[in-house]
Amino acid sequence: MRNLIYAVLLSSAFNAYAGVSVIVHPSNGSSFDTSTINRIFTGKEKSFSNGNKAIPVSQEPGNPITDEFNSKALNKSSAQLKAYWSKLIFTGKGTPPKEVSNDAEVIKMVSANPDTIGFVSSDSVTDAVKVVQQF
Amino acid sequence: MKLKYTLLVTALASTTLHAEVNISGFASMTGGQVLSGSGVPQFGLEPTFLADYPIVSAYKEDLSFSPESLIGLQISSDLGEGLSVTGQIVARGANDYDAEFEWAYASYEINDNWTFQVGKKRLPLFYYSDFYDVGYAYVWMRAPADNYTWQIFNYEGANLLYSGAIGDWGISANVYTGREDDTENKLLSEFFFQTPTREIWEDILGGVVQLSYDWLELRVTHMRYTNKRFRNGEPELWNGKDSRDGKFYGLAANADFGNVFILSEFNRLDLDGDLDTYMISAGYRFDTITPYIMYSNFEQKDGDDPEKHDTRAVGVRWDFHPSAAFKVQYDKVEDDSTALAVAGDSESLTFGVDLVF
């Protein structure tokens, strides 16, 4: 009985959370780990390990996937991240990633430009992009 | 930050030039009052909490919203090929909301690592100097006043900026040079001397190195300058000379473990003797509520009656909105000098909202 409850709980948890996939252009052969992704999305690293310029693409703050990415990959709440970027914006030291409104737009941008990197819900991933990390 | 306007600027020639102009901004609406205080009877000063030295944000026993409230607008335009121009206009309650350009500079990105900037910028003496006005970017009501006591706030000159990484360490560094001629310095003219005082810092040369690794951040800085001062048009003399040299040293260390964070800063200004300041603060993030404590100290090392004061503060930041935070802070200041007293002892309460847009 207990196992059955666990199974139900687990499966519902998995249904609710597809997870976050970090995606790049299929031709991007650079190496990625959590620390690299964190540095690219916080403006501390400006290039991929293949030497190309890295252009991070984020999603709007209201999207659940954005909060999930911020907390899992960047270890920051939305408010902390906003405070972090305000410090850089108003001192001329950095610009936050461009924000688009949904997974489809991220996939469209990443599949069209080999310099971009984005994150989407794992459900939305298509063959047009390459997954380099999952959270 | 969400507000972005795109202006299409049509050039006079047949070609069309696209210049995207970004407007972003920040504001703080802050109120407060002195709950009890000694003032400085020998100077005829009523009970006062000097929350900020360079801007002279002084709270009295009546509730006031003007000392620290401000609104700032940043306008920047990317002209392409690495060139951009940025201006920051700030209107402060302490100056009757007269809007002034606090920053105005051109920036050229030489490559991914190096950027060259020229124009008017904030003098980056302290860890919080650069974003001092952007209350949303830090936890307290304000950066600790005992540390941020220097007269000169901005400078005009050139700045070379480096940003890079070694392994898992992020490195940013800059070297700057310039001067500032403040014809009527607010702190000296309105507060300390109460006569029109012109403050000049020239031959400024400074450097900053900042290292960050996951939970740890370190900042080391050094700056030297030559100080000249005119009170009522008369040159001030120090040991018979009309100028003196200052050397500034600073170290800041911050540790952030997710919920718990510790912030610290240690500074020394050698200006005919040492003036030491330090600050230590800690806080805990309970989701959107962040209570914190802070202690800051200023101590002049030489003399029989040196300038000496410290502040104990406790407060809460509440991120009640995606772009705004409410803060409330209690400050207890002890001023231990007589001839060099600043504003006397005080206990005060300040509260307000910081936002970015």
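This is a predicted model: local features need pLDDT of at least 70, side-chain atom pairs count only at pLDDT 80 or more; totals for chains, interfaces and linings use all residues.
The side chain of B:Asp133 meets that of B:Arg92 in a salt bridge, with 3.0 Å from N to O. This pair links distant parts of the chain, since B:Asp133 sits in the loop between β7 and β8 of chain B while B:Arg92 belongs to strand β5 (residues 83-92) of chain B, 41 residues apart. B:Arg92 has a relative accessibility of 5%, and because buried means under 20%, B:Arg92 also counts as buried.

B:Asp133 has another partner in B:Arg122, where the closest N and O atoms are 3.1 Å apart. Here strand β7 of chain B, which holds B:Arg122, is linked to the loop between β7 and β8 of chain B, the two residues being 11 apart; both B:Arg122 and B:Asp133 are buried.

A contrasting setting is found at B:Lys332 and B:Glu347, whose salt bridge has its closest N and O atoms 4.0 Å apart. Over all chains, the structure holds 27 salt bridges.

The largest nonpolar core has 68 residues, and B:Tyr128 and B:Trp140 have the most contacts inside it. Helix α4 (residues 78-89) of chain A supplies the largest share of this core, seven residues. Beyond its neighbours within four places in sequence, B:Tyr128 is in contact with several residues, including B:Tyr138, B:Trp140, B:Leu263 and B:Met279. Another core, of 11 residues, lies apart from the largest one, and among its members are B:Leu45, B:Leu50, B:Leu187 and B:Ala341.

Where the chains meet, 32 residues from chain B and 18 residues from chain A take part in the contact. The area buried between them is about 2,100 Å², with carbon and sulfur atoms giving 53%. Two salt bridges cross this interface, one of them between A:Arg39 and B:Asp168, whose closest N and O atoms are 3.4 Å apart. On the side of chain B that touches chain A, β8(B) gives the most, with four residues, and the residues of that side divide into 13 nonpolar, 11 polar and eight charged.

Note on methods: Residues are numbered from 1 along each chain as its sequence is written. Chains are lettered from A and ligands numbered from 1 in the order in which they are written. Side-chain values use heavy atoms; hydrogens and water are left out. Contact means heavy atoms within 4.5 Å. Buried area is the accessible area (1.4 Å probe) that two parts lose on being put together, summed over both. Ala, Val, Leu, Ile, Met, Phe, Trp, Tyr, Cys and Pro count as nonpolar, Asp, Glu, Lys and Arg as charged, and the others, Gly among them, as polar. A nonpolar core is a set of buried Ala, Val, Leu, Ile, Met, Phe, Trp, Tyr and Cys residues joined through side-chain atoms within 4.5 Å. Buried means under 20% relative accessible area, exposed over 50%, partly exposed in between (1.4 Å probe, protein chains only).
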